[in-house]
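Subject: Structure for your files

Hello,

The structure we discussed is below. My notes on salt bridges and a surface patch follow it.

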Amino acid sequence: MPLPKDLDPYANPRAFYGAELRRLREAAGLSQNELGERVFCSGTYIGLFEAAERRPQEDLSRRFDELLGSGAHLRRLSLLARQSKVADYFADAAELETRATSICEYAPMLVPGVLQTREYARAVTRATQRLASEETVDGHVGARMERAGMLLRDTPPTFWAILHEAALRVPVGGADVMSAQLTRLVEATRAHPHLVVQVLPFVAGVHPFMNTMVSLMSFADSPPAAYTEGAYSGQLTEEPGMVADIQAAYDLARAMALSPEASQVLLESAAKEHATHGNRPGSA
């Protein structure tokens, strides 16, 4: 996969990284496949870096430098090119999310980021980053709202979300914020035919993911990938066997969840319960 001729290497740090990797590779007389073999990845993966379609990896960039004799040049460039509006552990997955044709997500405790209201997102961000400045919080909330724009694209991905019932009950931001958030979920599923929401009820008992957030992404031109996340950490995997195992577990969770129609009823009921609580005298 050669670097596109119309790609400006000075357009952004990632494009410059790709141009420099290609320059150094060609100076060493190596094809993309040959370089990939020496650093234990595919030639296609090298091409994605050179085309600025994937964020550079620091460890891989260090191996490039060792092989191509470029000191620490590519590793330093990778640090610049990896800057992102989202948490670093999520950044690679967030990038793939923009290319996905379908996304299947399981959320154990919180509404998925792309479905959050601004007020809900602010409450979550403030709870997890209590010492952050308002500017930092605003930046994270803004980035989350930008991600939500994927549902409004001309050709949006199919988005299938399974929420554990716990995500409906924990009053993130207070009763009014929760009521508005759950109402937003109901309205979104009615407005977007490519969006499906299911609820995994408490009565379902033990299930494959428990406390793990999972996102499965499929693409038109590359193999699927899976992202799992815990508190302040996340992992992206593209290893076929692992992705297949996560897909099988997701299918089981989907079978254990309420139907989309029954889930809508539960979402509406939970929204009303939060609204009623918020209207009680003395309620926050």
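Helices and strands here are DSSP runs, numbered from the N terminus; a helix is H or I over at least four residues, and a strand is E over at least two. The model is a predicted one.

Surface patch

With elements numbered that way, Leu110 falls in the loop between β1 (102-107) and α7 (118-128). Together with Met109 and Val170, Leu110 makes up a nonpolar patch on the surface. The accessible area of these three residues together is about 210 Å². Leu110 has a relative accessible area of 35%, so this residue is classed as partly exposed.

Salt bridges

The count of salt bridges comes to 17.

Glu58 and Arg62 form a salt bridge in which the closest N and O atoms are 3.6 Å apart. The distance passes because the rule asks for a side-chain nitrogen of Lys or Arg within 4 Å of a carboxyl oxygen of Asp or Glu. Both residues sit in helix α4 (residues 58-68), 4 residues apart, and so are separated by about one helical turn. Glu58 is partly exposed at a relative accessible area of 28%, and Arg62 is partly exposed at 33%.

Arg126 pairs with Glu134, and in this salt bridge the closest N and O atoms are 2.6 Å apart. Arg126 counts as partly exposed, at 23% relative accessibility. Glu134 is partly exposed too, with a relative accessible area of 46%.

What distance separates N and O in the salt bridge between the side chains of Arg190 and Glu268? The value is 2.4 Å. Glu268, with a relative accessible area of 27%, is partly exposed.

One network also turned up: salt bridges that share partners join Glu58, Asp59, Arg62 and Arg75.

Regards

Methods: Residues are numbered from 1 along each chain as its sequence is written. This is a predicted model: local features need pLDDT of at least 70, side-chain atom pairs count only at pLDDT 80 or more; totals for chains, interfaces and linings use all residues. Side-chain values use heavy atoms; hydrogens and water are left out. Patches are made of residues with over 30% relative accessible area and no salt bridge: like charges are joined within 9 Å, nonpolar side chains (Val, Leu, Ile, Met, Phe, Trp, Tyr) within 5 Å. Accessible areas come from the Shrake-Rupley method with a 1.4 Å probe; for residues, only the protein chains shown count as cover. Buried means under 20% relative accessible area, exposed over 50%, partly exposed in between (1.4 Å probe, protein chains only).
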